[in-house]
Amino acid sequence: MTCLFRDRAVHKPALFLSTLSKKYVLLLLLILITTSAHLTAPRKAGGVLLSNSPVTLTNNRPGVQNVATDSLPESALGRQGQSTAPLVSGTEQTKTILRFKWALTATVLLLLLAIGIIIYSRRQVYLRTTALQNLLNQEKKLRHSLQNSEEKFRSLFHTSPDSITLSSLDGNYVEVNKGFCKAIGYSPEEVLGKNPSELHIWRDMAARKRLLTTLERTGHVENIEAQFRCKNGSTVTGLISATIMEIDGVPHILAITRDISTYKKQQKKLRKAEQRWRNTFDAIGDCIIVWDADMHILQANRAARKFFNSENPDDGQYSSALRGQSKDKPDSPVAKTFLDGQPHCAVVKDKKSNTTFMATSHPVFSHGNTVTQVVQIARDITKDLALEQKRILLITAIEQSSETIIITDLDGNIQYANPAFERHTGFSRAEVLGKNPHILKSGKHNQSFYHQLWSIILSGRTWQGKFINRKKTGELFEEEATISPVTDADGKLINFIAVKRDITHERVLEQQLQQAQKLEAIGTLAGGIAHDFNNILGAILGFAEMARLEIPVTCSAREDVEEIIVAGQRAVELVKQILTFSRQGKETFQTIRIQPLLKETFKLLKASLPSTIQLKQHIDASCKPILGDPTRLQQVILNICTNAKHAIGEQQGEISISLHQKTIDTAKAGEFPPLPSDGPYLELKITDNGCGMDQQTKDRIFDPFFTTKPKQQGTGLGLSVTHGIIRQHGGKINVISSPGEGTTFYIHLPTTEDRPEELSELIVDPFPRGSEHIVLVDDEKLLVELTERMLTILGYTVTPFSDSQLALAWMQDNITGFDLLISDITMPKYTGMVLTEKLLALRPELPIILCTGFSEKINKEQAAAQGIRTYLMKPVDMQQLAQTLYQVLHHDQHSPR
């Protein structure tokens with residue numbers, strides 16, 4: 001609106017002039033017309049009507065003009081006049097003509113003046129209009145530029161990450177940006193129109209008053225640090241700059257604050273880190289000096305300042321031997337490092353103090369890979385060199401020793417190690433020089449062991465004993481050591497020398513020999529008696545079962561027979577344990593899931609455990625399957641839980657069984673025995689809260705025939721068999737126990753990605769029957785008679801033979817006259833394998849079951865490969881025989897059982 005009014009004000013003079021000139025022209029025209037009318041009007045003179053009109057003279061002659069003039073002769077006028085009025089006098093007429101001329105001239109002049117004024121006015125209007133239009137265009141551009149600047153300022157104002165506020169001189173907020181709201185936590189509505197003192201934003205109001213005072217005096221302040229309180233009560237530190245500016249003639253305060261809280265925290269951490277570095281730098285006992293590229297000392301630690309007795313590194317007191325001459329003439333490690341950028345080590349001597357240093361220099365690179373500084377570490381080895389000269393002959397002699405020899409100072413720090421030490425431990429001499437032998441510590445010895453060792457050698461005596469140490473690779477090894485004190489000429493203790501011999505291989509061979517002897521004895525015993533013993537047990541158990549079937553339940557003799565069966569079964573289990581432990585060959589297992597096996601085992605345990613023992617389980621159903629024998633794994637669980645039951649005794653107790661899957665790194669196996677390879681393993685953990693074991697007992701629990709039970713309660717083979725089974729499955733077993741704290745067994749079994757085999761269909765009837773024709777061959781007549789009776793009771797037709805040669809001849813003549821063959825493996829004349837080979841050549845689909853008391857010549861896989869449906873381990877009870885026949889004849893089970 002201001003512009004509009006200004007436009008009208010500018011146009012007003014031009015419009016006025018234009019309007020005035022038009023009026024003036026009209027007025028002049030009106031005057032001209034009036035004057036003309038006045039001059040031509042008739043007048044009276046002396047009673048005579050005078051005409052103001054000029055006299056018209058008519059000249060009819062050619063070439064003569066009609067003129068009106070007062071100079072004509074009066075006679076001519078009389079002759080020529082045509083008017084009827086009386087003639088006016090010549091003087092009056094002349095005056096009239098003159099008046100007309102002047103009026104006409106004046107009118108013309110006024111008209112020309114009016115036209116000039118109009119032209120001039122219009123020119124001025126045009127010029128003023130052009131200037132005004134230019135002014136308006138410039139104003140429009142300025143207004144557009146101002147608008148853009150205002151938009152840019154507003155955008156910068158609101159998008160700035162810094163806090164920006166605009167307030168009046170009394171402190172009330174007029175405008176705040178988003179950075180302010182984000183930093184303080186208030187919304188614009190909460191702060192606009194309010195004073196910082198009302199919101200309690202400033203933590204120190206005195207600081208705010210000082211800032212306002214400075215601002216009023218100077219008009220601006222820059223980088224004033226202050227603390228502000230946020231809406232949530234937290235505190236931020238800001239760097240504030242402010243200035244006074246006028247808006248519409250009113251002074252305002254524009255303040256910009258940058259949040260430097262993070263910077264302050266980082267600065268504080270940096271100061272602490274710098275102080276820690278300085279304390280560490282000064283705590284090092286060696287002289288440490290930092291040199292710049294001009295070979296000037298930048299820093300020196302306390303040890304260096306103390307040695308050179310100078311706090312100022314550049315006062316000339318520091319050794320020129322450490323400094324060197326220049327980078328162009330490298331005669332010290334520092335100069336060499338500046339020259340090639342590589343670490344250097346040298347023995348340098350300070351002539352002034354007669355001190356010898358072991359000086360080591362290390363480069364510090366810039367981003368351009370240029371050496372800008374060198375850190376030099378200088379150790380005073382003057383005394384060490386003196387002692388070294390005395391030991392040089394001894395060291396030369398022991399360099400070639402095959403036994404480990406190390407020499408330490410009184411604190412145990414290694415001063416010398418021979419090449420044998422490097423070969424046995426894997427550490428180089430450079431790595432261990434100046435370090436303590438505890439780098440070999442394995443954790444197998446307690447503190448009292450080392451305390452006793454130090455007590456002996458510090459008293460000047462020689463210590464002898466054995467160490468279990470750890471190599472650089474983490475491998476444990478055993479050493480037989482002798483540590484002797486070394487004294488000087490005055491008898492003062494100055495060093496220790498240790499001579500050690502690695503006996504790991506000898507101990508391993510000794511243990512292997514002992515274990516081999518045990519296994520050989522057990523294997524020989526088992527192999528020698530198993531077959532015959534199982535035949536005897538088979539006869540005892542078989543006839544006892546037959547007798548039990550025929551004795552009435554009410555008869556007392558039935559109980560005696562049942563006791564015979566129980567005793568025979570115990571004997572069978574004992575033989576199985578011996579055979580399991582002595583079995584050294586690699587087994588081939590089926591893919592199974594261990595969770596169902598544990599479920600079945602829990603049922604057996606609940607039935608056998610007393611009510612005072614609570615059984616708990618924590619089974620991970622997602623565990624992968626394994627390759628194994630479910631029967632043997634169940635035997636492992638039962639053996640361990642039986643031991644746990646005896647450990648708990650009559651007290652209230654708990655046995656917990658858990659199963660989880662773990663990925664094991666053999667390099668970090670810790671206290672557990674190393675497993676064959678890395679990868680996923682099932683961890684089966686069995687824990688009891690029984691009496692526990694001491695270390696001596698724990699070391700022998702897997703030894704054959706070792707037991708802490710009375711003679712009537714154990715044979716000492718349970719855990720030995722368990723150990724053998726787990727080893728055959730490619731796993732490891734470990735035990736953790738302490739007296740009074742219970743026992744935990746850890747069993748690790750490798751998993752497989754194979755799909756588990758389908759479990760065979762359960763047989764509901766424990767004695768399924770049949771009507772097929774079965775040929776029975778065994779060289780033990782008692783077993784032939786016993787098995788025949790069992791088969792007959794089960795409904796089968798039996799053709800028995802105790803001579804394998806006769807049996808083969810009969811079967812060859814009647815190859816289709818029977819349905820199944822049951823044969824012993826070990827027999828005179830023809831073995832069971834020979835019978836199988838000859839019969840299957842004639843009748844490939846013939847079902848054959850082999851029975852054995854003990855045989856190392858065949859296993860399940862070999863039997864399946866030769867066409868044998870299954871084989872049974874003697875002694876075979878009636879239930880096992882019935883179920884096996886049912887499966888072979890009615891379910892076509894082709895895999896050995």
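Let's start with helix H22, residues 781-793, where the buried residues are Leu783, Val784, Leu786, Thr787, Met790 and Leu791. Buried here means under 20% relative accessible area, with exposed over 50% and partly exposed in between, using a 1.4 Å probe and protein chains only. Helices are DSSP runs of H or I with at least four residues, strands are E runs of at least two, and both are numbered from the N terminus.

A word on the source: this is a predicted model, where local features need pLDDT of at least 70 and side-chain atom pairs count only at pLDDT 80 or more, while totals for chains, interfaces and linings use all residues. Residues are numbered from 1 along each chain as its sequence is written, and side-chain values use heavy atoms, leaving out hydrogens and water.

Back to our helix. Just after H22, Gly795 has a positive phi of about 100°.

Now, which helix gives the largest share of the lining of the largest cavity? That is H22, with 5 residues. A cavity is a set of points on a 1 Å grid, over the protein atoms alone, where a 1.4 Å probe fits but cannot get out, and lining residues have an atom within 4 Å of a point. This cavity has 18 lining residues, and Leu783, Thr787, Cys851, Lys874 and Val876 lie nearest its centre.

Last stop: strands E5 and E6 form a hairpin with 5 residues between them, and Gly233 in the turn has a positive phi of about 95°.

Definitions and conventions. 1 Å grid on protein atoms, 1.4 Å probe; cavity = no way out; pocket = protein on both sides within 12 Å on 5 of 7 lines; lining within 4 Å. Pairing = 2+ DSSP bridges.
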